[in-house]
Amino acid sequence: MAIWQYSFHAVPRDALAKRYGGEPCRLPDDDFNDVAWFADERFAGLPASITYLPGGEHWCKTALLYGEYDGNAVEIFFENGKIDCIHMRVDLRTEYVGIV
């Protein structure tokens, strides 16, 4: 990852509020890794809603890539057919506001 890229994981705001009563500044590693943040069925259509980045091929066969590895990207990882994790990367040299 280049110095001009900012990388983070997306977590649903309402899931944070339900678990913590608000938006915590930091998630405990165990919670981040063990909680099924995207278990709600409403997230099933999320990949189809990503129209602001072109689809690409991810190195992981159980993941989807939108965007490019060396630029703006959204990576969606699946486990047992459901979204397990969403990783995002923004290229701070570009117009990235629409991504975040």
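1. Ile 86 in this predicted model has contacts with eight residues named here: Phe 8, His 9, Ala 10, Phe 38, Leu 46, Val 74, Glu 75 and Ile 76, leaving aside residues up to four places away in sequence. Ile 86 is also one of the residues that touch the most other members of the largest nonpolar core.

2. That core holds 16 residues. Besides Ile 86, those touching the most other members are Trp 37, Phe 38, Tyr 66, Val 74, Ile 76 and Ile 83. At least two core residues come from each of α1 (13-20), β4 (73-79) and β5 (82-91). Strand β5 gives the largest share, 4 residues.

3. Is Pro 47 buried or exposed? Its relative accessible area is 12%, and a residue counts as buried under 20%, so Pro 47 is buried. Pro 47 is part of helix α3, which covers residues 46-49.

4. Which residues does Pro 47 touch, apart from those up to four places away in sequence? They are Leu 64, Tyr 66, Ile 76, Phe 78 and Ile 83.

5. Pro 47 and Asp 70 lie 23 residues apart along the chain, and a distance of 20 Å separates their C-alpha atoms.

6. On the overall fold, the protein chain has 3 helices and 5 strands. Their order along the sequence is β-α-α-α-β-β-β-β. Among contacts with a separation of 6 or more, 36% join residues 24 or more positions apart.

7. What radius of gyration does the protein chain have, and what would a compact globule have? The chain has 14 Å; a compact globule with 100 residues would be near 13 Å, so the value agrees with that expectation. The C-alpha trace spans about 35 × 30 × 20 Å along its principal axes.

8. Of the 100 residues in the protein chain, 33% are buried; Pro 47 is one of the buried residues. The accessible surface of the chain is about 6,800 Å², and carbon and sulfur atoms account for 54% of this surface.

9. As for charge, the protein chain carries 9 positive and 16 negative charges. The mean position of the positive charges and that of the negative charges are 3 Å apart.

Note on methods: Residues are numbered from 1 along each chain as its sequence is written. This is a predicted model: local features need pLDDT of at least 70, side-chain atom pairs count only at pLDDT 80 or more; totals for chains, interfaces and linings use all residues. Side-chain values use heavy atoms; hydrogens and water are left out. Buried means under 20% relative accessible area, exposed over 50%, partly exposed in between (1.4 Å probe, protein chains only). Contact means heavy atoms within 4.5 Å. A nonpolar core is a set of buried Ala, Val, Leu, Ile, Met, Phe, Trp, Tyr and Cys residues joined through side-chain atoms within 4.5 Å. The radius of gyration is taken over C-alpha atoms; the globule rule is 2.2 Å times the number of residues to the power 0.38. Accessible areas come from the Shrake-Rupley method with a 1.4 Å probe; for residues, only the protein chains shown count as cover. Lys and Arg count as positive and Asp and Glu as negative; His and the chain ends are not counted. The place of a charge is taken as NZ of Lys, CZ of Arg, CG of Asp or CD of Glu.
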